[in-house]
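Walk me through this model. Begin with a strand and its partners, then turn to the aromatic rings.

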Amino acid sequence: AFDLQRPVRLCLDRDEDMQMTGHRHAFYGKYKVGFNDKGQILAVDLKLYSNGGNSIDLSAAVMQRAVLHADNCYNYPNARFHGKVCKTNISSNTAFRGFGGPQGMILTEAWMDHVARELDVSVEHVRQVNLYQEGDKVPCGMKLDGNNIVRVWEELQKSSDFEQRKLQVEDFNSKNKYRKRGIAFVPTKFGIAFTLLYYNQGGALVHIYTDGTVLVTHGGVEMGQGLHTKIAQIASSTLKIPVKDVFIAETSTDKVPNASPTAASASSDLYGAAVEDACKQLNERLQKYREMLPEASMAEIAMTAHKDRVDLSAHGFYKMPDINGFGGDRPFMYYTYGAACSEVEVDVLTGDFQTLKTDILMDVGNSINPAIDIGQIEGGFTQGLGLMTIEEVVWGDKDHPWVRPGVLHTRGPGTYKIPTANDIPVELNVSLLQNAPNPHAVASSKAIGEPPLFLGSSVFFAIKDAIYSARAGQGETKFFPLYSPATPEKIRMACVDEFSKPYAGFDYQAKTSV
């Protein structure tokens, strides 16, 4: 294209596309943690390194979100999080759902497990004693307002029957040598806003027609996540008309210019509030006609206003107030909270595992559309499960000499595995926290696109719990690092027994491309 100065169209095979296209960033972390004998974390020093690939792309913004989420749901009186993006010889890594948040949070959960092993207490105890309370401040200085994580934790502990199930897992493991079960309970906290301040704005254009129908155009892109449905509901509720009378026009810059990316889980908040703003302007113009015609339909009211030469079109705009972006003391408008309890069964001899049951509770404020939100939670969890347990990326490097340097080995469905129907938990229960309105977003709702993804790590830590049980049968109870994703190969080698011990001991670490 450069030499000819003409457009070139490429039709890529899947393996070519995966080789060329940027992926989610691999992260490597080093931590130092100070704690007391009660399990309370007193100080944390974390160094994060991400593989940015051959260009900076969005790597800096991904690292920003990673360090902002490295505390997860825990209050650290003294914390230092330092992130560096590394330039390497592979395709440029880029944005994906979670945007660095899951990579930062899995590290904090790793040291929670480490502290628990050092103290010989349950990891759930360490997590619980360190949970944020209302009014606490996160490391960047933001004060938590409307913090529901303790409530989410306690309600899910009860509804999932966690303590009883933990006893059942221990009983199962005592009776089985080559099949082990594990259970894990993991919380999450995800900040809602772009860390780049000027992205936190949205526009909308709303027309009312004389037949009573409404056409809404906004700057967000519908990609199957249900954004248009929520926008239609907001317009319907604000204008007090049936949803069937609201139509959404496809996103177009000739209607709503300068739109921010449909990302950061913030589109419902930004464009929903912009639509609400436009609808409120229209309501003000129509108020006297509604009072004149209290029993009239929207069509009659609109026609009457039109004959009175009233403008039935309005432009709405919204910008998130009070936030100040990365580097400030309020980078996010609010946080979405959640927790998951997962139980797995591992075949010690092969490393194969099955997720038996997962219970999830999410704080989504007053949900605009519970069906959409539950679908987002189920999908996000499953993507997270794939990220943490199945989807291993292997590049040519010194640890994988059979692949040429800088070449992607896992570039097709034969080598790169994504979750299928068989990987979904046998029993998956999703609940929404009740009576938890959010004053910081439209309709008292909360964003839900990215927050559930990290809950897939509950399966990862349940697998690790099962591995601990297998290793205990060989007399080993110490902490060991398990690098994500927890593939069957890594699981098998971590379950050290009489068959694998001659080749790989308790300190063996599988080679991982980072």
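Predicted model: local features only at pLDDT ≥ 70, side-chain atom pairs only at ≥ 80, totals over all residues.

Residues are numbered from 1 along each chain as its sequence is written, and side-chain values use heavy atoms, with hydrogens and water left out.

Start at strand β9, residues 334–347. Strands here are DSSP runs of E, at least two residues long, numbered from the N terminus. Buried means under 20% relative accessible area, with a 1.4 Å probe and protein chains only. In β9, 14 of the 14 residues are buried, so the strand is largely enclosed by the rest of the structure. Both faces are covered. One side carries Y334, T336, G338, A340, S342, V344 and V346. The other carries Y335, Y337, A339, C341, E343, E345 and D347.

Now look at the partners of β9. Two strands pair if DSSP finds at least two bridges between them. Strand β4 (residues 179–192) pairs with β9 in the antiparallel sense, over 14 bridges. Here V186 has A340 of β9 as its bridge partner. Strand β10 (residues 353–363) also runs antiparallel to β9, joined by 10 bridges. β9 and β10 form a hairpin with 5 residues between them. In the turn, G351 has a positive phi of about 85 degrees.

Next come the rings. A pair of aromatic rings is described by the distance of the centres and the angle of the planes. Rings of Phe, Tyr and Trp (its six-membered ring) pair if their centres lie within 6.5 Å; planes under 30 degrees apart count as stacked, over 60 as edge-to-face and the rest as tilted. By this rule the count is 12 aromatic pairs. In one of them, the ring centres of Y74 and Y76 are 6.5 Å apart with planes at 40 degrees, so the pair is tilted. Y74 is buried at 0% relative accessibility, and Y76 is buried at 5%. F460 and F461 form an edge-to-face pair, 5.0 Å centre to centre with 90 degrees between the planes. F460 is buried at 3%, and F461 is buried at 7%. Ring pairs also link Y31, Y74, Y76 and W111 into a cluster.

Finally, consider charges over rings. The rule asks for NZ of Lys or CZ of Arg within 6 Å of the ring centre and within 35 degrees of the ring normal. R117 lies over the face of Y468, 3.5 Å from the ring centre. R471 lies over the face of F480, at 4.2 Å from the ring centre.

How values were computed. Buried < 20%, exposed > 50% of the residue type's maximum accessible area, 1.4 Å probe, protein only. Helix = DSSP H or I, 4+ residues; strand = E, 2+ residues; numbered from the N terminus.
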